[in-house]
Amino acid sequence: MNNELSPPVVFPSGIAAPAAEGRAPRWATRRLTHRSLQLVAGLVLFAASIAMLVRAGLGNMPWDVLSQGISRQLGWSFGTVTITLSVVVLIGWIPLRQRPGSGTVANVIVIGLLVDPFLALARLIEPLPLWGAVALTAGGILTNGVATACYIGTRLGPGPRDGLMTGIVGRTGASVRLVRFGIEGVVVIGGWLLGGTLGLGTLAYAVLIGPLVHELLPRFTVRDRDRVATTAP
């Protein structure tokens with residue numbers, strides 16, 4: 001529950017009187033609506049970016065190499081595997097004492113449910129020449145960068161895989177770069193051995209996604225309203 005209160009009322013003396021509790025100010029309601037819509041938009045785009053890279057066939061995102069490999073071995077749909085892996089990763093949060101937010105739950109549900117329909121749409125692109133695969137890969141990486149900045153910028157909770165990474169960093173004190181490299185290295189190799197697609201698209205994603213999100217995140221971060229009261233001199 002959002003417990004934000006109305007901004008304080010400042011008297012000429014400079015003493016701030018607290019606003020009445022129990023009434024959510026309009027700006028807080030608008031901001032929550034903004035964050036919710038941006039979260040959903042980001043997750044929809046994320047599912048679309050997965051489908052774009054999978055359809056291009058030049059290499060999936062690291063975790064999707066594993067999802068595709070498991071899907072091919074078990075005969076499950078890509079979306080079903082994605083949801084199952086997300087739940088397994090969330091269970092791994094427990095010993096790390098990580099707490100999911102509403103955005104975490106939405107991440108599992110929205111992406112898991114939408115990735116299969118997006119994959120079905122992507123398969124309608126026939127034939128797909130090499131230049132088309134390259135363009136689809138580039139578009140998928142760009143779309144994923146925007147999507148990631150959107151959902152992280154809402155600050156409603158990390159995705160399951162991001163939370164696993166930050167939880168390990170918090171418990172071990174290791175660097176983010178080292179932990180991320182270790183986790184993604186394991187899932188990529190495991191996914192490739194299971195039949196997932198590993199290629200130049202995977203490498204391009206690994207190289208480009210960090211700088212891309214770094215550049216876009218400030219533009220999509222929903223900031224708190226400045227509630228510092230000041231008085232006239």
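**Note on a predicted helical chain**

1. Read from the N terminus, the protein chain runs β-β-α-α-α-α-α-α-α-α, which amounts to 8 helices and 2 strands. Helices (H or I, at least four residues) and strands (E, at least two) are DSSP runs, numbered from the N terminus. This is a predicted model, in which local features need pLDDT of at least 70 and side-chain atom pairs count only at pLDDT 80 or more, while totals for chains, interfaces and linings use all residues. Residues are numbered from 1 along each chain as its sequence is written, and side-chain values use heavy atoms, with hydrogens and water left out.

2. Of the 233 residues in the protein chain, 42% are buried, where buried means under 20% relative accessible area, exposed over 50%, and partly exposed in between (1.4 Å probe, protein chains only). Among contacts (heavy atoms within 4.5 Å) between residues at least 6 apart in sequence, 77% join residues at least 24 apart.

3. Which residues of α3 are buried? They are Phe78, Gly79, Val81, Thr82, Leu85, Ser86, Val89, Trp93 and Leu96. Seen down the axis of α3, these buried residues fall within an arc of 150°, so they line one face of the helix; the arc is that of the directions from the helix axis to the C-beta atoms. The buried residues of α3 pack against α1 (26–56), α2 (62–74), α4 and α6, whereas Ile91, Ile94 and Pro95 are exposed on the other side of α3.

4. Just after α3, Arg97 takes a positive phi of about 60°, in a residue other than glycine.

5. Arg155 lies in the loop between α5 and α6 (160–172), and with 43% relative accessibility Arg155 counts as partly exposed.

6. Pro127 is found in the loop between α4 (102–122) and α5 (130–153).
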